[in-house]
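Dear colleague,

Please find below the structure that I am handing over to you, followed by a summary of what was found in it.

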Amino acid sequence: MTSYNSNEVIRYDETTGAVLPNSVVAGSGGLHQPIGLVIDANGDLLVSSSATNRILRYDGTDGSFKDIFTDQGSMDDPNGITIGPNGNVFVSSTDTDEVKQFDVLDGSPIAIPPLQNGNFVVSPAITRPGRLKFGPDGDLYVLSVQSGTGSVHRFDGTTGADLGIFAAHQDLINPTGLTFGPNGDLYVSDEVSGNIKLFDGTTGFYNGVFADGIDGPVDELGRPRGIAFGPDGHLYVADWEDDTIRRFSGTNGEFIDVFASGGGLNGALDLVFTSQQAVPEPSTYALAAFGLVALGLYGWRRRRSRQRA
């Protein structure tokens with residue numbers, strides 16, 4: 001789990017939610033304001049260090065810093081990060097309204113001609129792109145926020161061609177996380193409305209609110225950010241409001257429990273399970289929660305922090 005305000009990545013046991021050792025310690029490798037994270041085919045952890053415009057690589061076992069994966073491609077405020085079907089690394093560059101592609105082996109930028117600087121997507125259709133994910137169809141889905149309205153845009157997973165808005169709704173204001181469920185549907189967190197919205201994974205049709213936590217003993221969701229389905233099939237949500245990871249039924253969205261907290265988590269932002277690597281080879285599953293870097297707990301009120309997350 002990325003801990004934005006403490007510049008670290010915190011690791012939790014996927015069964016008990018207990019804090020585990022071998023996290024990425026604060027500031028390791030120059031980590032500053034980490035946002036997105038992904039596990040590559042080697043089991044290493046790639047983290048976007050937004051304040052330094054770098055993607056940093058850490059050992060997936062002990063959390064030690066390995067190297068700067070890339071600082072090329074003229075990234076500005078790197079946000080979401082994911083692995084494509086071709087094995088390469090894709091990063092949203094929030095302040096340049098672009099999506100970059102990097103070679104998985106050496107981190108060099110790979111542009112789609114005639115684009116340059118590693119650009120895979122350059123489209124006036126997206127503004128301040130955030131989290132991104134390749135769908136079951138192989139296309140790339142990117143969160144975008146413009147003038148208080150959020151949407152999910154789809155791009156061809158091979159050419160980067162703009163395929164238009166895939167999902168939108170009047171109540172989707174500031175989308176902060178997205179994932180595809182085991183059934184292929186699209187789940188999107190919205191920090192303004194404080195819930196998880198459900199869209200048909202094929203048509204993009206809005207199917208209503210999937211989870212909001214109001215039926216649980218612990219008030220409703222505050223400011224949901226990153227979301228991911230765990231190996232148990234349930235949906236896990238990073239809640240920036242109270243620095244927790246909340247668990248909801250993957251079937252009906254009912255609140256189950258506050259799964260994890262503590263360990264110095266300060267500004268819960270994005271999360272990933274170790275089983276969610278490019279070439280899954282899970283022996284044990286642990287939830288890696290990566291910390292938000294020190295802007296202050298309510299730094300979200302600033303434009304950059306609010307729209308990034």
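Of the 309 residues of the chain, 58% are buried, meaning under 20% relative accessible area, where exposed means over 50% and partly exposed lies in between (1.4 Å probe, protein chains only). The model is predicted: local features need pLDDT of at least 70 and side-chain atom pairs count only at pLDDT 80 or more, while totals for chains, interfaces and linings use all residues. Residues are numbered from 1 along each chain as its sequence is written, and side-chain values use heavy atoms, with hydrogens and water left out.

Four of the strands make up an open antiparallel sheet in the order S4-S5-S6-S7; two strands pair if DSSP finds at least two bridges between them. Strand S6 (residues 54-58) pairs with S7 over four bridges in the antiparallel sense, and isoleucine 55 stands opposite threonine 70 in S7.

Glycine 264 lies in the loop between strand S23 (255-261) and strand S24 (270-273). Its relative accessibility is 44%, so glycine 264 counts as partly exposed. Leaving aside residues up to four places away in sequence, glycine 264 touches Ser3, Ser6, Glu8 and Ile10, contact meaning heavy atoms within 4.5 Å.

Yours sincerely

Notes:
Helices (H or I, at least four residues) and strands (E, at least two) are DSSP runs, numbered from the N terminus.
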